[in-house]
Amino acid sequence: MASGLPSTAGLARFCQKLKRLKPLEEATMETSLQRCLSALDLTLLGVGAMVGSGLYVLTGTVAKEITGPAVIVSFTVAAVASLLAALCYAEFGARVPRTGSAYLFTYVSMGELWAFLIGWNLVLEYVIAGAAVARAWSGYLDAMFDHHIRNFTEAHVGIWQVPLLARYPDFLAAGILLLASTFVSCGARVSSWLNHTLSAISMVVILFIIILGFVLARSHNWGKEEGGFAPFGFSGIMSGTATCFYAFVGFDVIAASSEEARNPKRAVPLAIAISLGLAASAYILVSTVLTLMVPWHSLDPNSALADAFYQRGYSWAGYLVATGSICAMTTVLLNGLFCLPRIIYAMAADGLFFQAFAYVHPRTQVPLVGILVFGVLTALVALLLDLEALVQFLSIGTLLAYSFVAISIIVLRFQKAPLSSSPSPASPRPAAKEYNSFSDHIELVGTEQFPAPEPGQLRPALRPYLGFLDRCSPGVAVASAICVLVASAITLGCVLIFGDSALHLPRWGYILLLLLCGIMFLLSLLVLGAHQQQRQQDTFQIPMVPLIPALSILLNICLMLKLSYLTWVRFSIWLLIGLLVYFGYGIWHSKENQRELPGVTITRYVVFPSGSLEETVQVVQPPSQAPAQEPSSP
């Protein structure tokens, strides 16, 4: 081989590093963070993250410009679509009660490189989201004072005409972010208390809007004289659904907070379901009263609710609406700043990000360095940058995370569950078969040890008909079906989004390609459904796997393909920066990399025919130092 070129074995070892998995058995209840959050705390975190500026701005914008009164249908369909992703998060949050959200879920199922990229994108998503909400908060407060704050800043600082920079520095947005970071750094209990207070005020205001709105409702505003219920037709409803989908982004803060939940197996699924239901109810009811109070075409997109009350002669109600909007946007800020440092903490604790960010303050038990550094960074972004060009990053990062979590659900459902019980010292030990732990393939155990079929094996009732699938190596059929599922979902999404325009296909070609992609998608689902799934009796599991995760994947891909090409270009640049960080630091400092170094202890498992498991420890030594004989198992 030519000098300086890597060997085949070296390349193989390098590729193995990229797909290392974090062992599921490490996701225990032990944590350096404080487990102090109840199901109510998590529910209000989710509600606060979802019911923010979208309720006060998005409803009017979608109703006037995209759907008309049919915005109600758009929010309903968007809520159902969000439920698909939320169920996946609920199962993972209950099963893996550690901080990290989509980053951790990807790490335990799909590999280290994918996990790092998901975490890297989540960091950007939370920074931009926090800055954008702070700008909206500042603008709403400025509007209450007739834009005196903006005029004062422009008069004394000037107007900037620099690309990528804002028109003027928003000191108010930066200040609220620094103040919110201070509260978050005081501990989870303080953040939770403040979130409770602001969420309660926001929900009281929403209840006031709904009650007074129904009192002032006029049914003829949905009549034909005003354009009808759906003036933009079915296409308008679907376009509105794509926009309304992002109103429900935020429930992942519950999964990211599972490491601080008292009883995550029960609290996380319950909180996600209740918070999503409350948010959906709020959006649907507020949209209903908004379009019934005044004609949809007369709405002010920037302040629809306040303007609707003003049109009906209740200008005093606008101040209550403004108060509710300020409280709602503050809870979104708090939740974003609460979640972001915990994603960074999870990556740093795993060695994939700089170790300083894994520091947890001994008294407040929060990742203090991450809160301070990224709180200041988010404040600088809000202060200086033009966010209009960056806001679409929120969409692509969120949808990519949703897709990987859905894929992870399918992977883990057909993966052998890690055993954690050990035999009693006094119990007799039958003859044991020894297994070394590994994580680069779906792990399957033969039926000679366990009479019942293991996850990933063909269902016994289908073996007479689908026996050819059993002739594959263990896990190959399932892994292939998952790859085909994802590939067919991407192709099907491209056909649905670009089939009539970019691809320039004749009608028969479009229908043929659509049928082929649909058949491949359905066949992969049938192959997966023919295999045994993992069943957990003590934790929440979503029904109809792999159907629900597969539909979530397809929906997310379709929404990502609707984003502009400039968003994809910027996203690719951000990914390249992330790859430089990973290959420059993360891959070498990863905890999983440390396990592979000589002299490091690794876990070995002795599995008995009864199904019990004993954990032993082995020290890996360099080949020159390894003993000649195999070390005996206790």
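Predicted model: local features only at pLDDT ≥ 70, side-chain atom pairs only at ≥ 80, totals over all residues.
A charge sits over a ring if NZ of Lys or CZ of Arg is within 6 Å of the ring centre and within 35 degrees of the ring normal. I started with that rule, and it picks out Arg 342, whose charged end sits over the ring of Phe 338, 3.7 Å from the ring centre.

**Aromatic pairs**

I counted ring pairs next and got 27 aromatic pairs. One of them is Phe 248 with Tyr 283, which is edge-to-face, at 5.4 Å centre to centre and 65 degrees between the planes. Phe 248 is in the loop between α10 (233-244) and α11 (252-256), while Tyr 283 belongs to helix α12 (residues 264-293), so this pair ties together parts that are 35 residues apart in sequence. I checked cover too: Phe 248 and Tyr 283 are both buried.

I then asked what else sits by Tyr 283, and looked at Phe 75. Phe 75 is part of helix α4 (residues 71-95). With 0% relative accessibility, Phe 75 counts as buried.

Ring pairs also link up into a cluster, which I wrote down as Tyr 89, Phe 92, Phe 105, Phe 245, Tyr 246, Phe 251 and Tyr 402.

**Salt bridges**

Side chains of opposite charge can pair when their charged atoms come close. My count here was eight salt bridges, and I went through some of them.

Glu 91 bridges to Arg 413, with the closest N and O atoms 2.7 Å apart. Glu 91 lies in helix α4 and Arg 413 in helix α16 (residues 392-413), so the bridge ties together parts that are 322 residues apart in sequence. Are the two partners buried or exposed? Glu 91 is buried at 3% relative accessibility, and Arg 413 is buried at 1%.

Asp 170 forms a salt bridge with Arg 135, and their closest N and O atoms are 3.5 Å apart. Asp 170 is in the loop between α7 (148-157) and α8 (171-185), and Arg 135 is in helix α6 (residues 112-144), so the pair ties together parts that are 35 residues apart in sequence. Asp 170 is buried at 5% relative accessibility, whereas Arg 135 is partly exposed at 22%.

Glu 154 goes with Arg 167, the closest N and O atoms being 3.0 Å apart. Glu 154 sits in helix α7 and Arg 167 in the loop between α7 and α8, so what they tie together is 13 residues apart in sequence. I have Glu 154 down as buried, with a relative accessible area of 16%, and Arg 167 as partly exposed at 47%.

**Cysteines**

How many disulfides did I find? The count was zero. I looked at Cys 558 in particular: the closest cysteine sulfur to its own belongs to Cys 494, at 8.7 Å, which is too far for a bond; the cut-off is 2.5 Å. Cys 558 counts as buried at 13% relative accessibility, and Cys 244 is buried too, at 0%.

**Nonpolar surface**

Val 484, Ile 511, Leu 515, Ile 519, Met 520, Leu 523 and Leu 526 make a nonpolar surface patch of about 630 Å². Which helix gives the largest share of the patch? Helix α19 (residues 507-529) does, with six residues. Leu 526 lies in helix α19, and at 60% relative accessibility I logged Leu 526 as exposed.

Methods
Residues numbered from 1 in each chain as written. Heavy atoms only, no water. Patch = residues over 30% accessible without salt bridge, like charges linked within 9 Å, V, L, I, M, F, W, Y side chains within 5 Å. Areas by Shrake-Rupley, 256 points an atom, 1.4 Å probe, with all protein chains shown as cover. Salt bridge = Lys/Arg side-chain N within 4 Å of Asp/Glu carboxyl O. Helix = DSSP H or I, 4+ residues; strand = E, 2+ residues; numbered from the N terminus. Buried < 20%, exposed > 50% of the residue type's maximum accessible area, 1.4 Å probe, protein only. Phe/Tyr/Trp six-rings, centres within 6.5 Å; stacked < 30°, edge-to-face > 60°.
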